[in-house]
Amino acid sequence: MNKKRNYYVAMLDGKKIKAILGAKVKELRSNKGLTQEQFAENVGLQAQTIATIETGRSFISADVLAAFCNYFNVEPKIFLSKNINYLPDEAVNYINEIKRILPSFSNEKLREIYNILLAMNK
């Protein structure tokens, strides 16, 4: 049986979308402790461009979005999301290393690792 789903969609306009994206860029940049100048240098833009994005006065191209995603190691949807769960860089490094080595384990060992993680998460 298919359940009917109703979604509430707030009315948005381009100005609001630019403001949401700009606020998220600023939040991500600030969380890393970067100035606009430092962030701009890291993604190959001018500091003034970052300022206009963060204030919602301008929008970004797909190439700039890709640069931001790659720099912050996030998916594009993050830039239009309200809530983000932040992890320190060290935690991200651990996660990436774990992802790299997990395929080398047998199913039995993966089950053990899974059970250990479940126990630790309680």
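This is a predicted model: local features need pLDDT of at least 70, side-chain atom pairs count only at pLDDT 80 or more; totals for chains, interfaces and linings use all residues.
Let's start with the overall picture. Of its 122 residues, 20% are buried. The exposed surface comes to about 9,800 Å², with carbon and sulfur atoms supplying 54% of that area. As for contacts between residues at least 6 apart in sequence, 55% of them join residues at least 24 apart.

Now to the inside. Which residues touch the most other members of the largest nonpolar core? They are Val-25, Phe-39, Phe-68 and Phe-79, out of 16 residues in that core. At least two core residues come from each of α1 (14-31), α2 (36-43), α3 (47-54) and α4 (62-72).

Phe-79 deserves a look of its own. Beyond its neighbours within four places in sequence, Phe-79 contacts Ile-20, Leu-21, Lys-24, Val-25 and Leu-28, and also Leu-65, Phe-68, Cys-69, Phe-72 and Val-74.

Finally, how do α2 and α4 meet? Their axes lie 10 Å apart, and the packing angle is about 105 degrees. Since 65 to 115 degrees counts as roughly perpendicular, that is therefore how α2 and α4 sit relative to each other. On the α2 side, the contact uses Phe-39, Asn-42 and Val-43, while α4 brings Ala-67, Phe-68, Tyr-71 and Phe-72. By type, the residues of this contact are six nonpolar, one polar and no charged.

Definitions and conventions
Residues are numbered from 1 along each chain as its sequence is written. Side-chain values use heavy atoms; hydrogens and water are left out. A nonpolar core is a set of buried Ala, Val, Leu, Ile, Met, Phe, Trp, Tyr and Cys residues joined through side-chain atoms within 4.5 Å. Buried means under 20% relative accessible area, exposed over 50%, partly exposed in between (1.4 Å probe, protein chains only). Helices (H or I, at least four residues) and strands (E, at least two) are DSSP runs, numbered from the N terminus. Contact means heavy atoms within 4.5 Å. Accessible areas come from the Shrake-Rupley method with a 1.4 Å probe; for residues, only the protein chains shown count as cover. Axes are lines fitted to C-alpha atoms, for helices over the stretch in contact, and angles run from 0 to 180 degrees between N-to-C directions. Angles under 35 degrees count as roughly parallel, over 145 as roughly antiparallel, 65 to 115 as roughly perpendicular and the rest as oblique. Ala, Val, Leu, Ile, Met, Phe, Trp, Tyr, Cys and Pro count as nonpolar, Asp, Glu, Lys and Arg as charged, and the others, Gly among them, as polar.
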